[in-house]
Each structure stands twice: as structure tokens, then as C-alpha cells.
Amino acid sequence: MRILFVGKQIASSPEIKIVLETKGYQLITREKLHSAISLFLDDPPDMLVMEKGFDNNQGSDTDLMNSVKACQQKVNIPVILAVTQEDIKKGVDWKTYSVDDFFTLPPVPHLVVNRIELALARMVRVFDNNPLSKLPGNTSILQAIQRSIESGEKYAVCYIDIDNFKPYNDRYGFSQGDDVILMVARITVNAVDELARKDSFIGHVGGDDFVFIVREESVQSVCERILDNFEVVKKMFLSSDDLEAGCYNEKDRQGRETTFGLLSLSIAVVLTEIDKFAHSGEVATVASQVKHYVKEKEGSNYLIDRRAYR
Amino acid sequence: MQEILSLQAKEDMVLAREVMTPDGRVLCGKGTALTASVIERILKMDISHIAVEGHPVEIEGEKTLEQELADIQNRFSRVTHIQPLQYIKQRLMHLLVNARNE
Amino acid sequence: MDEKQIAEFRRALREAKSLPTLPAIISKLTRMAEDPETTSEQMGKVISKDHILAIKLLKLVNSAFYGFPQKISSLSSAIILLGFNVIKSLIISSSIFELMEEQDVELWEHSLGCAVICSVLAKRLDVNDPEEISTAGLVHDIGKVAIKMELPHQFKKILSATEKEELSVLGAEEKILGISHAEVGGWLSKSWNLPSKLVEPITCHHEPAKAKDEKLATAIVHFSDILVRGMGYGHGADIWVPPMSKQAWDMLGLTADDLDEIIEEVEEKLWDVKGFSLEITQEEMKQE
């Protein structure tokens, strides 16, 4: 278990180092932003303990947090914040510093160690995260949908589905299929993050089904971005022969040889409007109707539920 | 006449050739004197290069036509036995002469 | 170099963490990253013009940690999958304290020019994914950067041999190191888990007959490398156009008319590149 300490005070405490190493943890220290980030890119540690405002308060701490969040693809990396008594008195904006725990400086070795161990244990316990994509699972998704319908604001709840996924898995194998799922997760996260981060949510129901929620005004640009990017990246996951042919033959669910189109995405969008739905289940019902229509269309498409479907 | 990067354009330079927009319309005719606003429009349209009268841009180490042609010969001097490359060499020399003669 | 030195070198390559990037590009990207209006697409456009950042991104997206080992061979896919925050992190972590030397700019221009020609050629030949090939063209000479970084002493000797003894870079490399930058690039890209769509063109761009799976891509990069030298855009330390493989030439199947059109198209596209180059130099001067 490798733990990264970033910040002058915590990095230079020999007692913490001794206590941690006795317990079998490997301690790495950094004081500057760019070398800390380098570590996350090259050889990420299992956990980050960071001083608020390290590197002279130049916003380095939030930059580092964004880097850590951005690289949380295959693992969850807990983050603990070291703050001063003054920070606590003033109050920390926990929305910006979306960390897992904190402690006050100067660091008390056994306290710090306990916080570290708690954070690691909690990582395993708390979330219903999908093991592949690390995105929140069904329970969190339903809660998020419920929040958006009760919010009094207009949101779009979007269901992504990978078309022709079963024959793809048959043809390319489950490992490659998993890579495609991960790829869709990543494209979705990046699109939402870059175009509609405020009040958004992304979840992974399981298999090849994803749900994301964004404010209504952003939904078209996000869907377009996801579909455009998917068309570019999917080439990396298809053989040259299949790309050339534009389709391939595999057995369908009934065991008959059928021609399937290449990978494509279908996005079914349900607008929450205001006071239209009382319960998340109602959203899911409308969604399955929209899904039915959008999946019938060939290629990658998105369809927004309006009064008329066509 | 000098072919220059749009980024190098300055006011009062005179166009030696009309400037076309990416979709094929004429933006400014030959002989137009460049103003700040014209230059801005050219840059906004992503037009990378234009031809201007005279030789207003000083290029460090700029060579004469003879020197440039000799350079090309020299560059291709170790592949004289490879026909397609010699063809390319001749083509490049030909284009260079044409460009300089305009 | 003897066997021991080669093993030592390969080990150093595997552990090589940073390659020096053009400071002007980093500062341009840093400003872009700090502007809330910048999109990852815009940053992608700038990154796609820098061979060092390109290969760093490819290394990242193909690493076991990020999830797609040996799968991602085109820069645009790498940018889409990594996303803005990761790209920003990469920019922050890239050192801006490297001095930009003349050969670095020459190599940068050469790499960019080669990418442009690969793109023109790949589209002409109706290849499935032209962008993959232009990515290969962009990073084909990465071995030269690795040699400069890990064997600076020999690198200087190679440069002086090309000047004083009028050897080609390849010739000087063989003489002083016993291996070529193409081979070195191949080791580096393989140890970084890049797909063979990139590894082969990098390794075989001077000897395309040795390519096995990516013969066409390698032939395209080989030819583009030669043509960009022929057009005099960006040198590779020596000024001579290297020999072209007959096999590669036959595979491309280009006629004289094709060549005329290609040259014309490339001339036009190189202006865009020159424009970018000027922007970057002006950027450099702003820093001073």
C-alpha cells in the first residue's frame, strides 16, 4: 500500500513515517504540484494525504484533487485533507474539497494513521460502485433521479445502451467487451464533465447500461458529444476487416446467423420538467418506451421524449 | 512578389494575388492595400498564407533562387539512383522556379 | 555500444519518465487550460502538433492503469478517452525548464511535417483510419529524443559526426551506438504498451520491408519521412534525403500524377504548419 503525502508539514514528520512503515505502508512524499501530478500519471499511489493550500496556496491543492479524480478509472483513491485550526474555524468548502476525511495540523501520528486506515476500509464498504467502471450503481442512480424530480428545476435523465453488444461480445470476447464498456463510461464522464458538470450525475446500472442526469439546457450538446466521440473511438475496438465491411455476421439470441451493424449507442432521454413525475420509477417507465424507439434506429442515435416521439 | 504567412502581414502591404475564402469566394482583390481590419478578417478565416508585392518580410538567411535550387540538388544527391525521388526533385525545382518567377 | 551498455540503455528507457517538451507549447497549453472557455478539442488541436506531448498521451491511455493497454493508436481517441483534467494534469507535470535547442525545433517541425504528409497520403489511399497513420507519422522519430535524453554524450558525438564526417544520422548512429533511432523508438513505444499500429511504423520507418502486420502504415510513414525531407521542411540533423525502399514504393502504387497532386496538397498544408510554428516562436519571445 503506497501512500502519498503532499505538503511541507506532513511530508517532514519522521514519526508518521515510522508508524506507517511499521504497519507495512510505503510512504512517498512530494512538496511541489507538478511532481505530485507526475506521480499520479506514471505510477499512482493507493491513497493521497494532502495539505490544504500546499505549494503557497496557488490553487495547487484543487489542481491535484482534479487530477486524482480524473484518473479514478480502475480504482478509487481516497483523499484525506490536512487542515489548520484556522481553516476549521473559517469553515472549509467541502463541495470544492470533495475529500474522504480530514485531520488538523500539526499531525498527530497515531491519529493520522487511524484516519488513513478508516478511509481505506470505508472505500471498500460504502459505495454501490460498479466494479468495472467505478461509477455509482442502481441505488445511487434511483436516489439521483429522485433528487432531480424533486428539485423544482428542469433536468434530463438519459439512458445509454450499447447496441448489438451481445454479438460483439461473442465475436471479440468478454474482455474486449469490458473494454468497450469502460470506454463508453469514460466518454460519458468526460462529456458531462466538460459540458455540463454543474448538478450532473453519472451512474452505471450494470452491463452495458448507463444513466446520466444533466440540466435540460445541456442535454443536446452532451448527447451529441458522446455520440460523436463514440464514433471516433470505436474504431480502436473493431478489427480492420469489420470496419471495412461495415458489419459482421454472428448468431442472434435465437441462434440464427444474422448480420449485425457495428457498435453503436442509443441514448433515451426523459425530461423531468417540473412536477411531472412523483417517483423515479415513473421516469424509468417512460425511459423504456423511449428506448424502444431509439434502439430501432440504425446507428448511434439519441431521442428526447417530447409529446410526440417522432 | 513574396508569399508570406498571414501572421506576418502588416498594414500597407499590397496584395499581389487575390485572397480567396475557404468556400471559394473572393475576399480581397489583387492590388488591395492591407489594413488592420482586412488582416483580421484574413486571420479569422484561417487563411494561412497570402502573396504580397515586393519583398516586405525579412527572412533570416533567405537564399537566392540559385542557392535554393542548389540546396535541392544537394538534398537529393545521395539518391540519384532512385527514379521516383529524382522525379520529385525535378518537380520541386520546377515549382520553385515558377513561384519565384511570378 | 556493447551488450551490457545496450541492456543498461533499455532499462533506462523503460524507466524514462519525462521527455523534454517545447516550453512554448507548454506555456500556450497552460494558458489555454486556465481559460474556462477552452475545450479539450481545442487543446487537442495544439497537442496534435507536438510529437512529445502526443506520445506522452498515447503512453498514458495505453497504460494498464488507464485501462486500454495496446489498444489506442490514434491521438484523437487518446484525447477523447483521457479527457480535459488528465490532459491538464499532463501539461502541469511537464517540465517547462527544458531549454529549447535548435535541433529540437528542427525535429519538431520535421515530425509535424511528416504527420501532415501521412494524413494526405492516407486519405488518398482510402485507409480506414487516416488519423492513426498521421499519429504514427507524428511520433516516428521519438527514438531520437530518447537518445538525446538518455545518452546525451553519444548524442553530441552523433551530431558532430553528421557535420564533420558528412555521415547521415542513421550512419552516425550505427557507427557510434550500433543501433538506430528507429530501433530505439521501437523499444520505447513497446515498453510503453503502444499498439503495434504505432510500434511497427516507428521501428521500421527506415526499413519498411521488416514490417509484418502494418506494412501499409509503415510504407506511408517511410515515404512521408522522405518527402518531408525532400521538401526541406525541418531537418533531421543531416540534410540528405534518405533512400526509399522499392517494396514500400510499389506498395503505395503512386503515379507521377499522384505525386504532382500530393506535392501540391502538401505545400498548401505546410503553410498551416508554418503558421503554427511562427505562433509558437512568437510565444517563445513573449516569455523572454
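Trainee: What kind of model is it, and how are things numbered?
Mentor: This is a predicted model, where local features need pLDDT of at least 70, side-chain atom pairs count only at pLDDT 80 or more, and totals for chains, interfaces and linings use all residues. Residues are numbered from 1 along each chain as its sequence is written, while chains are lettered from A and ligands numbered from 1 in the order in which they are written.

Trainee: What ipTM and pTM does the predictor give the complex?
Mentor: The ipTM is 0.85 and the pTM is 0.86.

Trainee: And what is the mean pLDDT of chain C?
Mentor: For chain C the mean is 88, and 94% of its residues reach 70 or more. pLDDT is the predictor's confidence in each residue, from 0 to 100.

Trainee: OK, stay with chain C. How many helices and strands has it?
Mentor: Chain C has 15 helices and zero strands. Both are DSSP runs numbered from the N terminus: helices are H or I with at least four residues, strands are E with at least two.

Trainee: What is its radius of gyration?
Mentor: Chain C has 18 Å, which agrees with the value near 19 Å that a compact globule of 288 residues would have. The radius is taken over C-alpha atoms, and the globule rule is 2.2 Å times the number of residues to the power 0.38. Along its principal axes, the C-alpha trace of chain C spans about 50 × 50 × 40 Å.

Trainee: How much of chain C is buried?
Mentor: Buried residues make up 56% of the 288 in chain C. Buried means that 20 or more other C-beta atoms lie within 10 Å of the residue's own, exposed means 12 or fewer, and partly exposed is in between, with C-beta atoms placed from the backbone.

Trainee: Switching topic: which chains share the most contacts?
Mentor: Of the two pairs of chains in contact, that is chains A and C. Two residues are in contact if their C-beta atoms, placed from the backbone, lie within 7 Å. No contact joins chain A and chain B, whose closest C-alpha atoms lie 24 Å apart.

Trainee: How many residues are in the contact of A and C?
Mentor: There, 32 residues of chain A meet 26 residues of chain C. On the side of chain A, α10(A) gives the most, with eight residues. By class, that side has 14 nonpolar, eight polar and 10 charged residues. Here Ala, Val, Leu, Ile, Met, Phe, Trp, Tyr, Cys and Pro count as nonpolar, Asp, Glu, Lys and Arg as charged, and the others, Gly among them, as polar.

Trainee: And between C and B?
Mentor: That contact takes 21 residues from chain C and 20 residues from chain B. Two elements of chain C, α13 (215-230) and α15 (256-287), each give two or more residues to the side that touches chain B. α15(C) gives the most, with 10 residues. That side of chain C has 13 nonpolar, three polar and five charged residues.

Trainee: What about strands in chain A, what order does the five-stranded sheet have?
Mentor: In chain A, the open sheet runs β2-β1-β3-β4-β5, with parallel pairing. β2 (26-30) and β5 of chain A stand at the edges with a single partner strand each, so one side of each is left without a neighbour in the sheet. Two strands pair if DSSP finds at least two bridges between them.

Trainee: Which strands does β1 of chain A pair with?
Mentor: β1(A) pairs with β2(A) over five bridges, and with β3 (residues 47-51) of chain A over four bridges. F5(A) has T29(A) as its bridge partner in β2(A) and V49(A) as its bridge partner in β3(A). I3(A) stands opposite M47(A) in β3(A).

Trainee: Is β1(A) mostly covered or mostly exposed?
Mentor: Mostly covered, as four of its five residues are buried.

Trainee: Last topic, the backbone. Where is the cis peptide bond?
Mentor: A cis bond joins L105(A) and P106(A), with omega about 0 degrees. P106(A) sits in the loop between β5 (101-104) and α7 (109-125) of chain A.

Trainee: What is phi of E166(C)?
Mentor: Phi of E166(C) is near 55 degrees, a positive value in a residue other than glycine. Most residues other than glycine have a negative phi. E166(C) lies in the loop between α9 (152-164) and α10 (169-176) of chain C, and E166(C) counts as exposed, with 12 C-beta neighbours inside 10 Å.
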